[in-house]
Amino acid sequence: MENKCGCWAVLRRSVVGSPAAHNSANATHRASLVYDAAATETRYLNASKRELMLSPAPQSSDDPGPPSAGNAMSHQLLQFRFHELKTATGNFRPDSILGEGGFGYVFKGWIEENGTGPAKPGSGITVAVKSLKPDGLQGHREWVAEVDFLGQLHHPNLVKLIGYCIEDDHRLLVYEFMTRGSLENHLFRRAIPLPWSNRIKIALGAAKGLAFLHGGSEPVIYRDFKTSNILLDLEYNAKLSDFGLAKAGPQGDKTHVSTRVVGTYGYAAPEYVMTGHLTAKSDVYSFGVVLLEILTGRRSMDKKRPTGEQNLVVWARQYLADKRRLFHLVDPRLELNYSVKGVRKVCQIAYSCLGRDPKCRPSMDEVVKVLTLIQDLSDFAILSYKARVAHQTRCKKRPDGIQRLSFNQSMSNRASPLTSMKQCSK
Ligand SMILES: Nc1ncnc2c1ncn2[C@@H]1O[C@H](COP(=O)(O)OP(=O)(O)OP(=O)(O)O)[C@@H](O)[C@H]1O
Ligand SMILES: [Mg+2]
């Protein structure tokens with residue numbers, strides 16, 4: 001195979017192995033990767049979905065660095081042949097497309113239970129196959145980082161990478177299929193609003209994923225925490241996907257790593273954008289942004305909103321800082337089906353995660369602790385006279401076009417908070 005860049009050279013040596021390796025076991029143990037210093041190709045971001053934010057830090061080094069061996073367990077990644085994945089996805093049929101990201105389409109497919117061969121639709125194991133666009137250098141670095149990090153990091157809140165395919169110009173990744181797709185879909189593209197309890201469950205799952213990454217002896221910084229990278233299984237368990245931008249955290253007595261600034265506009269921590277200095281607290285900031293999206297049902301950046309409301313963090317700060325106005329932040333589609341104390345706590349977490357001084361932001365472990373407590377709260381606003389009156393006042397003041405239900409309708413339509421109360425009090 002042609003040596004196109006340093007990354008591939010490394011992959012050929014340590015991940016893919018020789019054709020013989022493929023034939024012998026059809027799977028390879030991943031050796032720890034050592035990144036080739038010559039692998040310095042520019043990272044291209046999908047301009048439509050991600051924006052490259054140029055850092056003023058001139059001496060940035062952006063090799064993804066070695067993965068977190070401290071958290072790693074040995075794991076066998078399957079190596080697929082291109083024709084196997086082609087058949088598994090019905091020739092990459094358009095109607096099997098699950099979504100499209102910056103690096104290509106994601107297809108639904110089926111593979112054999114004990115191997116890499118394709119299976120009939122509906123049988124074997126359901127997988128998601130991400131196919132990188134064949135357009136030169138774009139995505140190479142992310143592809144390598146994805147295989148490197150996800151091949152070694154295993155946790156219930158990280159999506160499972162089953163295997164990969166590297167053949168001629170084809171670069172594909174095979175993941176466990178996440179039945180409910182991305183949090184972005186559920187929050188912003190669906191007519192039915194995500195219930196409060198699911199929102200908290202998802203926030204908690206995603207927080208646990210980040211806490212795991214940050215908590216190892218060699219922490220990993222995720223760097224691309226956003227709703228489209230949080231995938232959901234049937235029970236709304238959240239799993240982080242897309243480790244293309246992940247980076248090994250600072251080692252020893254170093255306080256940060258210096259990098260080019262990459263990520264998604266609207267989620268990146270201000271100090272990282274300004275200096276290129278990356279710490280785990282940059283992820284904590286992004287978590288704060290996602291938590292606000294979960295609470296408000298608003299996107300982190302939304303050009304369709306009036307000026308002053310387009311940047312969610314800027315808009316939300318005024319409410320976060322005022323205890324009496326916190327409830328203005330709640331997604332109006334939830335009506336009164338949320339926990340009153342839960343909203344207060346979520347606002348507290350979001351406020352501290354979004355702190356301007358990274359040192360004052362909480363650790364993800366601390367966030368997990370608080371979210372765990374919120375999960376059990378059942379003081380739904382709809383059960384409180386005070387909350388109902390406040391809600392009606394807000395509705396009168398804020399004609400936002402959302403069809404409002406009368407209190408009685410709302411009581412009968414809601415996802416039974418009384419049932420949740422019973423469950424919680426058991
Ligand atoms: N393992 C999976 N199971 C089910 N659906 C998936 C899976 N992985 C991705 N998807 C779907 O495919 C979509 C595209 O995913 P992808 O990670 O390529 O891009 P993205 O996260 O939307 O954008 P970006 O390129 O900025 O990360 C997701 O939003 C999701 O709906
Ligand atoms: Mg993604």
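Asn 229 counts as buried, at 2% relative accessibility, where buried means under 20% relative accessible area, exposed over 50% and partly exposed in between (1.4 Å probe, protein chains only). The model is predicted: local features need pLDDT of at least 70, side-chain atom pairs count only at pLDDT 80 or more, and totals for chains, interfaces and linings use all residues. Residues are numbered from 1 along each chain as its sequence is written, chains are lettered from A and ligands numbered from 1 in the order in which they are written, and side-chain values use heavy atoms, with hydrogens and water left out.

**Chain as a whole**

- The secondary structure of the chain amounts to 14 helices and 13 strands; helices (H or I, at least four residues) and strands (E, at least two) are DSSP runs, numbered from the N terminus.
- Of the 426 residues in the chain, 53% are buried.
- Among contacts in the chain with a separation of 6 or more, 69% are between residues 24 or more positions apart, a contact being heavy atoms within 4.5 Å.

- Like Asn 229, which is buried, Asp 242 is buried, with a relative accessible area of 14%.

**Strand β7 and its partners**

- Strand β7 (residues 170-176) is largely enclosed by the rest of the structure, because 6 of its 7 residues are buried.
- Strand β5 (residues 125-131) runs antiparallel to β7 and is joined to β7 by 5 bridges; two strands pair if DSSP finds at least two bridges between them.
- Strand β6 (residues 161-167) also pairs with β7 in the antiparallel sense, over 6 bridges.
- Leu 172 in β7 stands opposite Ser 131 and is the bridge partner of Cys 165.
- The hairpin of β6 and β7 has 2 residues between the strands, and in this hairpin Asp 168 takes a positive phi near 50 degrees.

- Met 364, Val 367, Val 368, Leu 371 and Ile 374 are the buried residues of α11.
- Seen down the axis of α11, the buried residues fall within an arc of 120 degrees, so they line one face of the helix; the arc is that of the directions from the helix axis to the C-beta atoms.
- Lys 369 and Leu 373 are exposed on the other side of α11.
- The cover over the buried residues of α11 includes α6 (196-215), α8 (280-296) and α10 (340-353).
- Helix α6 has 20 residues, which should span 28 Å at 1.5 Å a residue, in agreement with the 28 Å between its end C-alpha atoms.
- Because 16 of its 20 residues are buried, α6 is largely enclosed by the rest of the structure.
- Helix α9 (residues 312-320) is likewise largely enclosed, since 7 of its 9 residues are buried, and its buried residues pack against α8 and α10.
- Asn 311 caps the N-terminal end of α9, with a side-chain oxygen 3.1 Å from the backbone nitrogen of Val 313.

**Two buried positions**

- Ala 238 is placed in strand β10 and counts as buried, at 1% relative accessibility.
- Not counting residues up to four places away in sequence, Ala 238 touches several residues, including Pro 156, Ile 202, Ala 206 and Leu 231.
- Thr 89, in the loop between α3 (82-88) and β3 (97-101), is buried, with a relative accessible area of 3%.
- The side chain of Thr 89 reaches the backbone oxygen of Leu 85 at 2.9 Å; a polar contact is a pair of N or O atoms within 3.5 Å, and within protein one must be able to donate a hydrogen and the other to accept it, while residues adjacent in sequence count only if both atoms are side-chain atoms.

How values were computed: The expected span of a helix is 1.5 Å times one less than its number of residues.
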